[in-house]
Amino acid sequence: PGLTGDKMSSSEPDSKIDLIDPPAAVKKKINKAFCEPGNVTNNGLLSFSQYVVFPYLGEKEFEINRKPEHGGNVSYATFEELKEAYRTEVIYPLDLKTAVATYINQLLAPIVKAFQSKELKKALLSSIPCHKHKRR
């Protein structure tokens, strides 16, 4: 599922993360994501965690940093542990959203940085049909 709980769609920008989304856009999209407490079905953030974040982390644990009054920091070695903690509401939507946004932004940082170069921006804009027509 996408971030909205439905299928990812290019016509619905908030349902997906683009490779060149700046950190603020990633955080905004993730904060708007459908993420009902305890609901592990059609939860786009759990899908991102399973298929993007855990492979990115490799052998490292999925860490959720939170204040002591909110349960303190927790970490999960496997996706199944994270999913069960979410299902049983040991972790809450804001916990998951904050951690996923942090990891996605870490993963995308080198890509976003590379696309800041004038050459890549020019190449990208010239490859988009609507921009080609405006230059005539």
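Visitor: Why is Glu-63 called partly exposed?

Guide: The relative accessible area of Glu-63 is 44%. Buried means under 20% relative accessible area, exposed over 50%, and partly exposed in between (1.4 Å probe, protein chains only). Glu-63 is therefore partly exposed. This is a predicted model, in which local features need pLDDT of at least 70 and side-chain atom pairs count only at pLDDT 80 or more, while totals for chains, interfaces and linings use all residues. Residues are numbered from 1 along each chain as its sequence is written, and side-chain values use heavy atoms, with hydrogens and water left out.

Visitor: In which strand does Glu-63 lie?

Guide: Glu-63 belongs to strand β1, residues 62-64. Strands (E, at least two residues) and helices (H or I, at least four) are DSSP runs, numbered from the N terminus. The protein has 6 helices and 2 strands, in the order α-α-β-β-α-α-α-α from the N terminus on.

Visitor: What makes the contact of Lys-29 and Asp-18 a salt bridge?

Guide: Their side chains meet at 3.9 Å, N to O. A salt bridge is a side-chain nitrogen of Lys or Arg within 4 Å of a carboxyl oxygen of Asp or Glu, so the pair qualifies. Lys-29 lies in helix α1 (residues 23-32) and Asp-18 in the segment before α1, so the pair ties together parts that are 11 residues apart in sequence.

Visitor: Why does Lys-29 count as buried, and what does Asp-18 count as?

Guide: Lys-29 has 8% relative accessibility and therefore counts as buried. Asp-18, at 29%, counts as partly exposed.

Visitor: What are the closest N and O atoms of Asp-21 and Lys-29 apart?

Guide: They are 2.7 Å apart, in a salt bridge. Asp-21 and Lys-29 are buried.

Visitor: How do you know that Asp-95 and Arg-66 tie together separate parts of the sequence?

Guide: Asp-95 and Arg-66 meet through their side chains in a salt bridge of 2.9 Å, N to O. Asp-95 lies in helix α4 (residues 93-114) and Arg-66 in the loop between β1 and β2 (74-76), so the pair ties together parts that are 29 residues apart in sequence. Both residues are buried.
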